[in-house]
Amino acid sequence: MTLYADLHRHLGGALHPRIIYKFLQRQDHKVLSYFPDYDGFYNWFTRPCRTLEEFVKIHSLVEELQSLEHLPYFCLRLCRGAYTFENLQYLELRYNPYFRTDHDLPTPKRLGQMNLIVEVITANLRPAEYPITVKQILCFDRRLPKNINEAILKVAQDNLGPVVGVDLAGPEINTEKTEEWIKLMARARASGLKTTCHLGETSVDNVDPRYFATLDRIGHGIHIPLAKPEYLKELAKRQITLEVCPTSYRQTGVLKDFSDLRTVFARCRDAGVAVAVCTDNPGRNPAPCTLPGEYERLIDHDVIDFGDLKEIQNEGFRSAFGFVGSTRL
Ligand SMILES: [Zn+2]
C-alpha cells in the first residue's frame, strides 16, 4: 500500500461536509434553517467561489464551530478519514488558534485561551486505532493586528514539538504590512520553527522576494512560475518547496482548468524547484477529494506523467517539517 504525506491542509477545510452537517444537527444550529436537507448544505459548502475572499467567508463559519469543547470531535474524525480513505502516513494540519477561542471573551482572555486550544488539538490528533502522524502549523492572519500575530508566534514557540511551523494565511490583502510579517517569519525561524507562507495564490502581487530569506516552503506560489519565473532560481538556491493544491485553484476561482498547472510544474522542474502536491481544503471540494485523487487528476490532465508520480509523492515526505523516519515509496 502506498502511503502519502500531505503538507498543506487547513483544519477549517479538512472535514467532509457530512461530518459538519451531522455536527450542526447535533447542536440544532441556527444555520440549519437555511439548509433543511444535506444536499442543499453540500452544494453550498462545496460550490466553486468566484474569489478567494468569498471562499474564506465560509471557512470562517467552520472555524467558529471548532471551539474548545468541540475540537476533539473534529480532530478524531479528520484523523480517521485521512488514514482510512487517503492512506496518509503523515499530515501537517494548519489552523489559526485565535479564531477558535471563545468569541465572547475580551481579547486578552482569548489570547490566553490559545495555548489550551493547541493542547486540546495535540491531545486529540493521536487516536490509537489510526496510526497517522499529525503535526501542527499555526497560522498568522493578514487580517489580524500585530500583537495578536505575535501572540500566535509565542504559542507556537511554547508548543514546539507538536507544532512544527508557522504560516501566514487569510485573504491576500494589506501588502503594506509585508515587512512586519517577514520579521515574524524570521523570529519564528530563529526559535527553531519552520516557516511557510501563503503567497502568489491569486496573483503575483503579494510576492515580495524579501520573503524568500525567511521561508522553508511557500503555500501555493503558483503565480511565481506563471508570472515571475525569474524568481525560481532563488527559490531553487534556497531550497524552498512550493505547496501546490490543484483542486483548490478551481474552487477559489484562481484557475479555470487543471491543465493551467502544466506551466507551473514544467518551469519548476526546469529550475530545480521542488513541488509538493497537497489538498488545502479537501472538505470544501466536491467529493471525493483526497490526496491520491489530486495525483490522479494531475495525470489525467497531462500535468505530470505517471512516471513522475513516485518522485512527487516522495517530495511530500522530503519537504515535511516534522517527519522522522523513512518514506515507504
Ligand atoms: Zn491554504
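User: By class, what residues make up the lining of the largest pocket?
Analyst: This is a predicted model: local features need pLDDT of at least 70, side-chain atom pairs count only at pLDDT 80 or more, and totals for chains, interfaces and linings use all residues. Residues are numbered from 1 along each chain as its sequence is written, and side-chain values use heavy atoms, with hydrogens and water left out. Ala, Val, Leu, Ile, Met, Phe, Trp, Tyr, Cys and Pro count as nonpolar, Asp, Glu, Lys and Arg as charged, and the others, Gly among them, as polar. On that basis the lining has twelve nonpolar, five polar and six charged residues.

User: Which residues lie nearest the centre of the largest pocket?
Analyst: On a 1 Å grid over the protein atoms alone, a pocket is an open set of points with protein on both sides within 12 Å along at least five of seven lines, while a cavity is a set where a 1.4 Å probe fits but cannot get out; lining residues have an atom within 4 Å of a point. The largest pocket is lined by 23 residues. Nearest its centre are Leu 15, His 16, Ile 19, Gly 81 and Phe 85.

User: How much space lies in the largest pocket?
Analyst: Grid points are joined across faces, edges and corners, and a volume is the space filled by probe spheres set on the points. For the largest pocket this gives about 520 Å³.

User: Which element supplies the largest share of the lining of the largest pocket?
Analyst: Helices (H or I, at least four residues) and strands (E, at least two) are DSSP runs, numbered from the N terminus. α1 and α4 each supply at least two residues of this lining. The largest share is eight residues, and it comes from α4.

User: Which element gives the most to the lining of the largest cavity?
Analyst: The structure holds one cavity of 30 Å³ or more, and about 270 Å³ of space lies in the largest cavity. Its lining has 25 residues; His 10, Val 56, His 59, Ala 169 and Gly 170 lie nearest the centre. Two or more lining residues come from each of α3 (52-65), β2 and β3. The most, five residues, come from α3.

User: Which residue of β9 stands opposite Glu 243?
Analyst: Four strands form an open sheet in the order β6-β7-β8-β9, with parallel pairing. Three bridges join β7 (residues 217-220) to β8, and β8 pairs with β9 (275-277) over three bridges. Glu 243 is the bridge partner of Gly 219. In β9, Glu 243 faces Ala 276.

User: Are Thr 241, Leu 242, Glu 243 and Val 244 of β8 buried or exposed?
Analyst: In a regular strand the side chains alternate between the two faces of the sheet. In β8, Thr 241 and Glu 243 lie on one side, Leu 242 and Val 244 on the other. Both faces are covered, and all of these residues are buried.

User: What is the phi of Asp 28?
Analyst: Most residues other than glycine have a negative phi. Asp 28 lies in the loop between α1 (17-27) and α2 (38-45) and is exposed, at 67% relative accessible area. Though not a glycine, Asp 28 has a positive phi of about 50°.

Technical notes
Buried means under 20% relative accessible area, exposed over 50%, partly exposed in between (1.4 Å probe, protein chains only). Two strands pair if DSSP finds at least two bridges between them.
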